[in-house]
Amino acid sequence: MKKHYIISIMMISMIWLFSCGGYETRVINTIHQDGSITRKVIMKNDEPEFLSENFRVPVDSTWQTTMTFEINEDQDTTWLYTAEKYFADVEEINHEYQNDAGANAKLSRRAKFSKKFKWFYTIYRFSEVIDKVLTVDCKPSDYMSEEELSYMYLPGEIQEELKSGPDSLYYKTMADTLEIKFERWLLTGLVRQWTESFYELFHDHPNLDITKEEMRKKEPHLVERFVLDDADEEEAIKNVLGNEFYENFNTEIDSAFSVMDEQLKPFWEAKEYTLEIHMPGQIMGSSGYVKSYGESKDEVGIIWAVQGDFFLGQSYDMWVESKVLNYWTWIITAIFLIFVITGYVISSRKSNRTRG
Amino acid sequence: MNKKDAYSKLVTRFKSVVPPLENKEQIIDYVMNHIESKNREPGRFIRLLDLLFGWVHVIWLRRAMAVTAICLIILFTGQQFLLMQRLTKLENQIIKSVESESVIEDGPGMKQQVLMNLMFERPASGDSITLSREEFEALLKAYILDRPDALSDPPYPLEDPSLKRFFRKNLREQTDQDDLKSKI
């Protein structure tokens, strides 16, 4: 049996992180009214070498690229690789996602665009969705409060700012609590996924005398043992399900772990990046965070941090809605209202005159 | 009683009975408009007005126009109200203003932090083995070199700047703790 699955995964996860270039990546989508998108990817590295297999989002030879460098106060050089491409519609982006061979190729990602005519305004909606990795139901909202989740979804830079800001104590405490809750949620998700894999593979095993429902009832105990036994699966299973179960299903348990390992690869191997979306017109709603920039601060983008943690138990929907005024409908409405009011005024005047 | 008296009585009786009018307003409007249009001089402006606002004399059309106007006002007010609500919510999501399109430097996610905690902060009972940063790096390097799919020229393990910072911070925090300081 695979002992210390978590620790093994941690090692593999870390090695995966180390072996790939640490490209800090920012993806900027500028959405146009006709549904076309100008996509810009900015990558930052300590070396002037950018390997396509380490790219967080698909970038290929069809993109216009430039490389520049910055030297900071400590005389450290940082290389910036900027790639830009115009997409006629979201389907072209989705096509690139499907053929992605980069660091996040295992993620199931897609972009959506829609526009709705609402008379006074036209509502534009753009979203990028990353499908959840777990095949079982294990929502983070069942374990963490709304406020904690909002904090978790914040980009790391902002989290650090909050932790060193005026409410530092509050946010530090929240971060600590969140870590504990996150650990509990993560382990529950792993145990639930393992149970699912185990019963999918061996539900008709002749010696299996414990039902899936009974196993699900033991889930909190397994999670508890995982925490207490230093993420040692062997000890946890022996403690909760008994030595006999472990001895009888040693190989099956191992197989279920292997299947789960394969299923969770997109989560463990996910490489983080920042997504930013600029919309036409005025932004009126979003699941991200508003960021204003430019000298006049009137340019507004919406940003999200993209990390494996966010799409383990539920799909990560990065959506933004904006409105564009339909000037012609405003003019038509104004003319119509004036017309109706005038009609009524004329009518009432006539009535008064005739009665008088 | 002669015929004349009978006729007078009938007329008086008819006069005393007022027939009920269901569309009194409409009849008055119609008669008055008819009289007015006969009396006034026909002009281009009047004709245009009649053409434009003739609908005010048609009750169902007048009502339809009023309902449409009210609906438009309600739609406008409703949309503005919803918009205000959504914008107020959005204002709470404003995080910062920056001057340039710089790349945001992210730290490692919760996943890495939890895994690191499992590795560093929860030694098994009775186990006094702890890892220093150098030892951990050496371990990872050895692990990479030992893998069958290891790269011919493996990169330095801690080349990721965000992870470098994370390790540095994590180890610094631990070395600040007296009980761990002696171990490390």
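Two residues are in contact here if their C-beta atoms, placed from the backbone, lie within 7 Å. By that rule, and not counting residues up to four places away in sequence, Lys139(A) touches Gly313(A) and Gln314(A). This is a predicted model, where local features need pLDDT of at least 70 and side-chain atom pairs count only at pLDDT 80 or more, while totals for chains, interfaces and linings use all residues. Residues are numbered from 1 along each chain as its sequence is written, with chains lettered from A and ligands numbered from 1 in the order in which they are written.

**Lys139(A) and its loop**
- Helices (H or I, at least four residues) and strands (E, at least two) are DSSP runs, numbered from the N terminus; Lys139(A) sits in the loop between strand E6 (121–130) and helix H3 (146–153) of chain A.
- A residue is buried if 20 or more other C-beta atoms lie within 10 Å of its own, exposed if 12 or fewer, and partly exposed in between, with C-beta atoms placed from the backbone.
- Lys139(A) counts as partly exposed because it has 15 C-beta neighbours inside 10 Å.
- Go from Lys139(A) to Asn352(A) and you cover 213 residues in sequence and 69 Å in space, C-alpha to C-alpha.

**The nonpolar core**
- A nonpolar core means a set of buried Ala, Val, Leu, Ile, Met, Phe, Trp, Tyr and Cys residues joined through C-beta atoms within 7 Å.
- The largest one has 72 residues, and those with the most contacts inside it include Val41(A), Val191(A) and Trp194(A).
- Leaving aside neighbours within four places in sequence, Val41(A) is in contact with Thr25(A), Val27(A), Val57(A), Val59(A) and Ala83(A).

**Helix H7(A)**
- In helix H7 (residues 219–228) of chain A, the buried residues are Leu222(A), Val223(A), Arg225(A) and Phe226(A).
- They are on the same side of H7(A) because they cover an arc of only 165 degrees around the axis, taken from the directions from the helix axis to the C-beta atoms.
- Among what covers them are H5 and helix H8 (233–241) of chain A.

- Strands count as paired if DSSP finds at least two bridges between them; an open sheet of four strands in chain A has the order E5-E6-E11-E8, with antiparallel pairing.
- Strand E5 (109–118) and strand E8 (282–286) of chain A are the edge strands, each pairing on one side only.
- E8(A) and strand E11 (residues 316–325) of chain A share four bridges in the antiparallel sense, and Ile283(A) has Ser322(A) as its bridge partner in E11(A).
- Helix H4 (residues 59–91) of chain B lies across E5, E6 and E8 of chain A, at about 70 degrees to E8(A); axes are lines fitted to C-alpha atoms, for helices over the stretch in contact, and angles run from 0 to 180 degrees between N-to-C directions.

**Positive phi**
- Gln75(A) is not a glycine, yet its phi is positive at about 65 degrees; Gln75(A) lies in the loop between strand E3 (64–71) and strand E4 (77–87) of chain A.
- Trp119(A), in the loop between E5 and E6 of chain A, also has a positive phi, near 60 degrees.

**Chain B**
- Chain B has eight helices and one strand, and 9% of its 184 residues count as buried.
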